[in-house]
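Please read the following note with the model open beside it. The points are numbered so that each can be checked in turn.

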Amino acid sequence: YGITRYEPAANVVAHTVISTANSQQQDDHNNPSITVLPDGRLLALYAKHLGGAQFYQRTSLVTSPATLADWGPEITVATPNNNTYNNTYILSEENNTIYNFHRCINFNPTITKSLNAGQTWLPSVQLIEVGTNNVRPYPRYCSNRRNRIDLIYTDGHPRDVDNSIYHMYYQDGAFYKTDGTLIDTIENLPLDHQGGQRGSVIYTFSNAAWGAGNDADDWIPAARGWTWDIHYGSDGHPVCVFQVQLGTDATWATSRIYYYYARWNGSAWVKKFIAQGGRGIYAAESDYGGGMSIDPSQPNVVYISSNAANPFSLGSINPVTLNPNARYELYRGVTNDGGQSFSWQALTSNSSGDNLRPIVPENHGYDRALLWFHGTYSSYTNYDTRVLGIFQNDLRLSAWNLGPLSGQLTWKSSPGKSYRITGSSNLQSFPHMVAEGILSRGSQTTHSFSYPIPQQNAPKNFFRVEEE
């Protein structure tokens, strides 16, 4: 398992493998969860998939680790049962308590807390109690990093359970439904899911046929849900994306996935069928879709991966036609009406490999930021892929300082790009080369320059920044 450090200003990447022979395992479930500690150092937690009753952790020795020497030793932390899927969040208003949400006790969501930046951990506590053995809810989390942690989750694995999708949040020692109704306190965990201690329903599983006025925005008969992403809207209320699948592993060839966007409007969850997800990635996991994510900085922006030939033909739930080679491509959707409609842009096309599992980092500082993996993915233990990213700003001037013979311009820029400045005295054309080959300095670039001789005596000067 590794940590990759990308520096947009220099457009350079450094990779560090932090797992040891004791902890590593070829399995894509095992990615580390990273927590930024109050002093700026990083805490990384990771675990094997069904590989023992423990998780592992490393803490960086510096705030910007770039090599293995920048990390402390690997520490093994015992857990009550097999452990996987670490999701860590630090709450500043709880004296920087770290909450690790992971799958552990009874194969169910479990909480393990640290009160001292990961130096020690309190005994694990089961969060949700449902079923036995392989019955397990699948959650997705987000946090404001101050006092609240939200999650969406299912009843179980969609292979085994007729899944609905629920939302609840943790705050100040208790768990609540979306509208603030108390479910129970953390002292009384676990929550008895089968006994009715559940979050608010976002999507309800139903075998019923549609009646008058019903369509896929309400439900898809016999389609089971699975979660993808959750964040906070511009109004502070949660928004999420999820999928439902119609079919099974045995019918993978004709099974299809349907993508949804949902938001809490202050009094109810409003959901919308927004795209065809196509088919699952491989037959043994027909629920493994290409993936969806929300931009945390722009929660009206959604990214999807789909192998449907026409992902935005929403008039039918019959099995849609797939791309040649069932290739997965990426799309960016923007809604300006709360998810009722989207405008879509293709980000990839005619790709040589699949583009899967888009995800947007928090606090990225760009107009468009996205990470995903590209290549061949045959199963969760058999893959040949690489991580790709988009970090892009719309080109626009943000500051200037112009004197009689020289000037300085600052503009929003994109990593890896090159720019030039041209000049004019009449705005009709910009024939004078002022500077060229200016390399981006990340999200913002500043360049000082002298006026070309033809402009030095002009009564007016105009300058333009162009992407080369």
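Is Asp 249 buried, partly exposed or exposed? Asp 249 is partly exposed, because its relative accessible area is 23%, where buried means under 20% relative accessible area, exposed means over 50%, and partly exposed is in between (1.4 Å probe, protein chains only).

1. Basis of the note. This is a predicted model, in which local features need pLDDT of at least 70 and side-chain atom pairs count only at pLDDT 80 or more, while totals for chains, interfaces and linings use all residues. Residues are numbered from 1 along each chain as its sequence is written, and side-chain values use heavy atoms, with hydrogens and water left out.

2. The salt bridge of Asp 249. A search of the whole structure finds 16 salt bridges, a salt bridge being a side-chain nitrogen of Lys or Arg within 4 Å of a carboxyl oxygen of Asp or Glu. In one of them the side chains of Arg 159 and Asp 249 meet, at 3.1 Å from N to O. This pair links distant parts of the chain, 90 residues apart: Arg 159 is in the loop between strand 13 (148–154) and strand 14 (165–171), and Asp 249 is in the loop between strand 20 (238–246) and strand 21 (256–264). Strands, like helices, are DSSP runs numbered from the N terminus (helices are H or I, at least four residues; strands are E, at least two). Arg 159 counts as partly exposed, at 34% relative accessibility.

3. Two further salt bridges. Lys 272 forms a salt bridge with Asp 217, and their closest N and O atoms are 2.9 Å apart. Lys 272 lies in strand 22 (residues 269–278) and Asp 217 in the loop between strand 18 (200–203) and strand 19 (224–232), so this pair ties together parts that are 55 residues apart in sequence. Glu 466 forms a salt bridge with Arg 464, with the closest N and O atoms 2.8 Å apart; here Glu 466 is buried, with a relative accessible area of 15%, whereas Arg 464 is partly exposed, with 37%. Salt bridges that share partners also join Arg 159, Asp 249 and Glu 285 into one network.

4. Strands of a sheet pair through backbone hydrogen bonds, either parallel or antiparallel. In this model, an open sheet of four strands has the order 23-24-25-26 with antiparallel pairing, where two strands pair if DSSP finds at least two bridges between them. Strand 23 (292–295) and strand 26 (343–346) are the edge strands, each pairing on one side only. On average, neighbouring strands of this sheet are turned by 25° against each other, direction ignored; the axes are lines fitted to C-alpha atoms, for helices over the stretch in contact, and angles run from 0 to 180 degrees between N-to-C directions. Strand 25 (residues 329–334) is joined to strand 26 by four bridges, and Val 334 has Ser 343 as its bridge partner in strand 26.

5. Strand 28 (residues 368–379) pairs with strand 29 over 11 bridges, and the bridge partner of Arg 368 in strand 29 is Gln 392.

6. The hairpin of strand 1 and strand 2. Six bridges join strand 1 (residues 2–7) to strand 2 (residues 12–17), and the two run antiparallel, with Glu 7 standing opposite Val 12. The hairpin has four residues between its strands, and Asn 11 takes a positive phi near 55°. Ala 14 is in strand 2 and is partly exposed, with a relative accessible area of 22%. Leaving aside its neighbours within four places in sequence, Ala 14 is in contact (heavy atoms within 4.5 Å) with Ile 3, Thr 4, Arg 5 and Ala 66.

7. The loop residue Ser 425. Ser 425 lies in the loop between strand 32 (418–424) and strand 33 (432–439) and is partly exposed, with a relative accessible area of 38%. Apart from its neighbours within four places in sequence, Ser 425 is in contact with Gln 455, Ala 458, Lys 460 and Phe 462.
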